[in-house]
Amino acid sequence: MITPADDLIVVSPLMLEVGSVRRGLGRGCVVRAGPHARRAKRVAAALRQQPGRPVAVAGVAGALVDELKPGDVVVASEVRSAQGTHHCRSAPLLATCLRSLGLTVHVGPMVETDHVVWQPEGARLALDGAIAVDMESARLLDMIGSRPAAVVRAVVDTPTRSLLHPATVPGGIAALSSLRAIGPALHRWAAATGDRTVLLAGPRSFCAGVERAVEIVERLLERHRPPVYVRKQIVHNSRVVGELERRGAVFVEELDEVPEDATVVFSAHGVSPAVREDASRRGLDVVDATCPLVSKVHREARRFARDGHTVFLIGHAGHEEVEGTLGEAPERTILVERAEDVATLDVADPERVSYLMQTTLALDEAEGIVAALRERFPALKGPGSDDICYATTNRQDAVRAVARESDVVLVAGSANSSNSRRLVEVAQREGARAYLVDNVTEIDLDWLAGARTVGLSAGASAPTVLVDEIVDALSGLGNLDVTERTTATETVNFSLPKEVRHP
């Protein structure tokens with residue numbers, strides 16, 4: 001019987017599985033399933049009594065690939081059977097939670113069969129990408145229907161250690177131990193389920209400068225045999241860099257890692273004159289992917305320096321864009337990171353001072369530093385037009401709008417992406433709980449518990465696929481109403497350098 005304290009229903013096929021799951025679950029309804037009609041009725045009755053409860057199918061399974069070991073946990077991304085395929089869209093979120101418990105977790109397709117699978121049948125099933133097999137999950141998902149559902153299986157046997165192997169007994173013990181351990185994660189998953197609204201901040205994801213930089217590398221890979229070398233990350237995003245690496249791009253920290261006479265791409269963040277001189281001296285074939293808006297800041301730095309100004313560069317120490325800009329006139333440029341730093345600044349001529357900005361700063365924070373500089377140095381001059389790029393400003397405005405309506409805000413972007421981190425800070429200043437995630441696997445289910453409105457954006461260096469994957473995973477927790485909040489329309493395009501233009 002289900003009690004009000006139960007937050008989910010867990011269905012397990014065998015008595016040993018039921019016992020292991022129940023011991024680890026603490027509270028919650030665990031129902032035994034199986035091939036017999038009486039057990040199927042028991043499951044149907046539990047589902048009927050609590051139509052709103054999320055359901056997890058938990059038990060043991062056989063591995064189809066060698067990477068899986070006895071005791072490993074499989075979270076099904078989908079379950080295939082002769083009748084069709086069930087998608088389990090919240091699988092990456094639950095897998096992250098399970099990993100936090102110290103379990104070894106794999107996410108991938110599972111197959112249901114009506115018989116024990118031996119080799120070579122297992123190898124044939126694995127050819128289509130399936131990683132594990134069981135005998136009940138698809139049938140149970142049919143019964144569960146459209147409510148939030150997950151399938152969690154612990155591995156007993158593997159392709160090299162079948163059920164008849166002497167190691168089956170310790171493998172079974174390891175699997176049952178893993179089933180006892182999954183309870184806390186199932187509760188956290190259940191707490192995060194429910195219908196919700198997703199507010200998409202628009203614009204989001206790639207800006208024109210990032211699109212240009214990525215396209216430069218892609219065209220070079222098409223025209224030249226790999227490798228194509230790139231100094232630093234072409235843009236600050238692990239997904240983008242990883243995909244280009246798989247196609248043959250080689251990312252290096254410094255030019256001394258690039259062979260003589262090779263092709264090298266300068267990243268979107270720009271480089272100092274010293275780096276350009278080094279490349280020329282070594283005879284490297286340079287293709288410059290510097291964002292045109294960053295190049296503008298470099299030109300302004302040179303102009304102010306020629307006029308005898310001390311240049312205050314507002315930005316973050318160590319960022320590649322800042323290092324490149326500092327290199328234009330290092331003897332005349334002072335980095336200013338915080339408004340509090342202004343009081344200690346000392347310059348030769350307070351009447352000849354100017355400021356520039358890193359293009360990916362938060363506008364409100366940067367303006368506070370400019371105000372402090374102007375109060376200390378009334379003669380302060382600024383750039384002819386804003387240094388903070390249009391895309392940074394647009395994304396911050398859009399995040400600010402959704403943050404005001406959201407219980408939690410998720411920003412897709414890598415930790416080394418300045419503009420992505422600034423989006424999180426902007427949302428937090430609006431009073432929202434906000435988190436930066438490199439991909440869907442970094443989302444903590446606890447963030448979503450009770451959150452009925454989720455704001456979602458992506459940094460200017462993050463591809464749209466990251467947002468799509470997050471929306472897809474959230475849809476596995478309940479019905480979604482996905483709404484766009486667009487605060488600006490972007491039409492900017494930057495031309496490609498001559499080296500990669502089509503003839």
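Mentor: Helices (H or I, at least four residues) and strands (E, at least two) are DSSP runs, numbered from the N terminus, and in that sense Lys296 and Glu300 both lie in helix α11, four residues apart, which is about one turn of the helix. The model is a predicted one, in which local features need pLDDT of at least 70 and side-chain atom pairs count only at pLDDT 80 or more, whereas totals for chains, interfaces and linings use all residues. Residues are numbered from 1 along each chain as its sequence is written, and side-chain values use heavy atoms, with hydrogens and water left out.

Trainee: What makes Lys296 and Glu300 a salt bridge?

Mentor: The term asks for a side-chain nitrogen of Lys or Arg within 4 Å of a carboxyl oxygen of Asp or Glu; the closest N and O atoms of Lys296 and Glu300 are 2.9 Å apart, so the pair qualifies. The whole structure holds 29 salt bridges.

Trainee: Why is Lys296 called buried?

Mentor: Buried means under 20% relative accessible area, exposed over 50%, and partly exposed in between (1.4 Å probe, protein chains only); Lys296 has 14% and therefore counts as buried, and Glu300, at 7%, counts as buried too.

Trainee: What do Arg239 and Glu469 tie together?

Mentor: Their side chains meet in a salt bridge at 2.8 Å, N to O. Arg239 lies in helix α9 (residues 238–247) and Glu469 in helix α17 (residues 464–475), so the pair ties together parts that are 230 residues apart in sequence. With 22%, Arg239 is partly exposed, and Glu469, with 27%, is partly exposed as well.

Trainee: How do you know that Arg429 forms a salt bridge with Asp364?

Mentor: The closest N and O atoms of Arg429 and Asp364 are 2.9 Å apart, and because Arg429 belongs to helix α15 (residues 418–429) and Asp364 to helix α13 (residues 363–376), the pair ties together parts that are 65 residues apart in sequence. Relative accessibility is 43% for Arg429, which counts as partly exposed, and 34% for Asp364, also partly exposed.

Trainee: Where does strand β1 find its partners?

Mentor: β1 pairs in the parallel sense with strand β3 (residues 55–63) over three bridges and with strand β2 (residues 29–32) over four bridges. Ile9 has Val55 as its bridge partner in β3 and Cys29 as its bridge partner in β2. From β1 (residues 9–12), Ile9 and Val11 point one way and Val10 and Ser12 the other way, and all are buried.

How values were computed:
Pairing = 2+ DSSP bridges.
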